[in-house]
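Please examine the sequence and the three-dimensional structure shown below. The paragraphs that follow lead from a single side chain to the chain as a whole.

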Amino acid sequence: MARRRGSKRPSRDRGRDYYEGLPTDVQYKRTAHHRAAHRSIKGWIIRLGVLAVLGLLVWAFSDDVARYFRAHAYQTSEGFQEGAGHITEGRDRRAGVDWVEGE
């Protein structure tokens, strides 16, 4: 929206809040800021701890985990190959590939 010509800007010398200058509000603001900063730091420490535990688990059990995934991949590929074999056999049977005329 366009600004009207006669309107005045709010004065900047008062500060952002009218009540900011009162001693109780300054103390509350300081306490709230301290709590928010503490909560943020605590969250980051928890995140770093979780990452450290995950890193330790990967380092300790990396061989077992890799062996599990290799075995699972091998079983999955065997299952796919078996399914592909059944599809090929069905296709050949329907096409009459091994049909012998004299029998």
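Does R67 count as buried, partly exposed or exposed? At 49% relative accessibility, R67 counts as partly exposed, where buried means under 20% relative accessible area, exposed over 50%, and partly exposed in between (1.4 Å probe, protein chains only). The model is predicted, so that local features need pLDDT of at least 70 and side-chain atom pairs count only at pLDDT 80 or more, while totals for chains, interfaces and linings use all residues. Residues are numbered from 1 along each chain as its sequence is written, and side-chain values use heavy atoms, with hydrogens and water left out.

The side chain of R67 meets that of D64 in a salt bridge, at 2.7 Å from N to O; the term denotes a side-chain nitrogen of Lys or Arg within 4 Å of a carboxyl oxygen of Asp or Glu. Side chains of opposite charge can pair when their charged atoms come close. Because R67 and D64 lie 3 residues apart in helix α1 (residues 23–95), about one helical turn separates them. D64 is likewise partly exposed, at 43% relative accessibility.

A search of the whole structure finds 2 salt bridges. In another, R91 and D92 meet through their side chains at 3.2 Å, N to O. D92 has 24% relative accessibility and counts as partly exposed.

The secondary structure of the protein chain comprises 1 helix and 0 strands, both being DSSP runs numbered from the N terminus (helices H or I, at least four residues; strands E, at least two). Of the 103 residues in the protein chain, 2% are buried.
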